[in-house]
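Visitor: I would like to learn how to read a structure like this one. Please take me through it feature by feature.

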Amino acid sequence: MDHSYLINRINPASTMRALEAFPSYFEIETVNACNARCPMCTIDDWDRRDGLMADDLFLKIADEIGEHVDSVKRVQLFRDGEPLLDKKLAPRTAAMKGAGVKKVGISTNAALLTPTKSRDLLEAGMDEVILSIDSLVPATYEAIRKGLRFDEVFPNILDFIRIRDEMGSPCQAWVRMIRQESNRHEWPQFDAYWRRKLRDTDRVDYRNIHNWGAQLKDFRQIAPADTEKPCVALWSLMVIFADGAVPRCNVDYNNRFPV
């Protein structure tokens with residue numbers, strides 16, 4: 001294997017020995033649940049019902065990560081579900097920042113991202129929020145984000161951006177589309193609209209729908225997958241589920257192959 005590819009993708013300033021010593025990235029599932037039923041997700045096949053991560057387990061993880069903050073690039077407080085279902089998300093963000101973690105982030109569908117929660121997360125030190133909204137057309141959006149309402153989510157995202165800017169928070173906002181057959185034609189307009197709302201340091205991007213390691217039913221590919229290069233997650237990312245279990249692969253949502 002060409003280790004230079006992995007090193008350049010993960011951390012060009014590192015070495016393979018250092019990468020193998022401790023993960024560079026973490027995705028910590030503090031709650032195993034979601035308030036939506038999206039067709040690009042595997043939620044209907046979840047066997048795990050772990051609920052909320054226990055406080056003592058979370059603090060143990062934060063303490064151990066805190067011993068290696070020089071090599072940890074990012075801690076994401078989510079995995080497969082909706083992180084804002086965890087009512088302790090703001091204090092848990094503060095605990096990670098208190099442990100010395102340089103970048104703490106979440107990815108949210110924003111249905112629960114009220115102005116109060118926005119302020120709580122920003123005051124806790126949240127560094128990065130990925131805001132998932134897959135269309136600017138209400139009917140298209142609601143067909144994708146089943147169970148959510150466009151007229152609730154769209155204002156929540158605008159409010160978050162406004163509150164972040166009013167507070168002068170350095171938190172970076174990413175507005176993200178999961179691009180699939182029903183919305184792929186919208187990308188140019190979507191990109192142009194959100195760039196007008198964001199700072200130069202924010203991002204608007206898309207991720208093409210993927211098959212969760214051939215586990216997503218009725219999957220329709222919209223772009224060729226790059227199967228020629230190794231998956232860097234195996235050498236850089238640790239996923240920790242709400243019960244503390246760790247899968248070998250980050251798309252192993254049912255933990256069929258635990259570490």
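Visitor: Which residues of H7 are buried?

Guide: Buried means under 20% relative accessible area, exposed means over 50%, and partly exposed is in between (1.4 Å probe, protein chains only). In H7 the buried residues are Phe150, Val153, Phe154, Asn156, Ile157, Phe160, Ile161, Ile163 and Arg164. This is a predicted model, where local features need pLDDT of at least 70, side-chain atom pairs count only at pLDDT 80 or more, and totals for chains, interfaces and linings use all residues. Residues are numbered from 1 along each chain as its sequence is written, and side-chain values use heavy atoms, leaving out hydrogens and water.

Visitor: What do the buried residues of H7 pack against?

Guide: Contact means heavy atoms within 4.5 Å. Helices (H or I, at least four residues) and strands (E, at least two) are DSSP runs, numbered from the N terminus. The partners of H7's buried residues are helices H5 (115–124), H6 (138–144) and H8 (187–195), with strands E6 (128–132) and E7 (172–179).

Visitor: How many residues does H7 have, and what span is expected?

Guide: The expected span is 1.5 Å times one less than the number of residues. H7 covers residues 150–167, 18 residues in all. From first C-alpha to last it reaches 26 Å, close to the expected 26 Å. Glycine 168 follows H7, with a positive phi near 70°.

Visitor: How do I describe two packed helices?

Guide: Use the angle between their axes and the distance between the axes. Axes are lines fitted to C-alpha atoms, for helices over the stretch in contact; angles run from 0 to 180 degrees between N-to-C directions. For H5 and H7, the angle is about 45° and the axes are 10 Å apart. That makes H5 oblique to H7. Angles under 35 degrees count as roughly parallel, over 145 as roughly antiparallel, 65 to 115 as roughly perpendicular, and the rest as oblique.

Visitor: Which residues make the contact of H5 and H7?

Guide: H5 supplies Pro115, Ser118, Arg119, Leu122 and Glu123. H7 supplies Asp159, Phe160, Ile163, Arg164 and Met167. The contact divides into 5 nonpolar, 1 polar and 4 charged residues. Ala, Val, Leu, Ile, Met, Phe, Trp, Tyr, Cys and Pro count as nonpolar; Asp, Glu, Lys and Arg as charged; the others, Gly among them, as polar.

Visitor: At what angle do H3 and H4 cross?

Guide: Roughly 25°, with the axes of H3 (residues 55–66) and H4 (residues 89–98) coming within 9 Å. H3 and H4 are therefore roughly parallel to each other. In H3, Asp55, Phe58, Leu59, Ile61, Ala62 and Ile65 meet Arg92, Ala95 and Met96 in H4. By class, that contact has 7 nonpolar, no polar and 2 charged residues.

Visitor: Is isoleucine 130 buried or exposed?

Guide: Buried, with a relative accessible area of 3%. Isoleucine 130 is in strand E6. Leaving aside neighbours within four places in sequence, it contacts Gln76, Ile106, Ser107, Thr108, Trp174 and Arg176. Isoleucine 106 is 24 residues apart from isoleucine 130 in sequence, but 6.2 Å apart in space, C-alpha to C-alpha.

Visitor: What should I look for in phi?

Guide: Most residues other than glycine have a negative phi. Alanine 214 has a positive phi, near 65°. Aspartate 218 also has a positive phi, about 55°.

Visitor: Where does alanine 214 lie?

Guide: In the loop between strand E8 (203–208) and H9. Aspartate 218 lies in the loop between E8 and H9. Alanine 214 is exposed, at 64% relative accessible area. Aspartate 218 counts as exposed at 77%.
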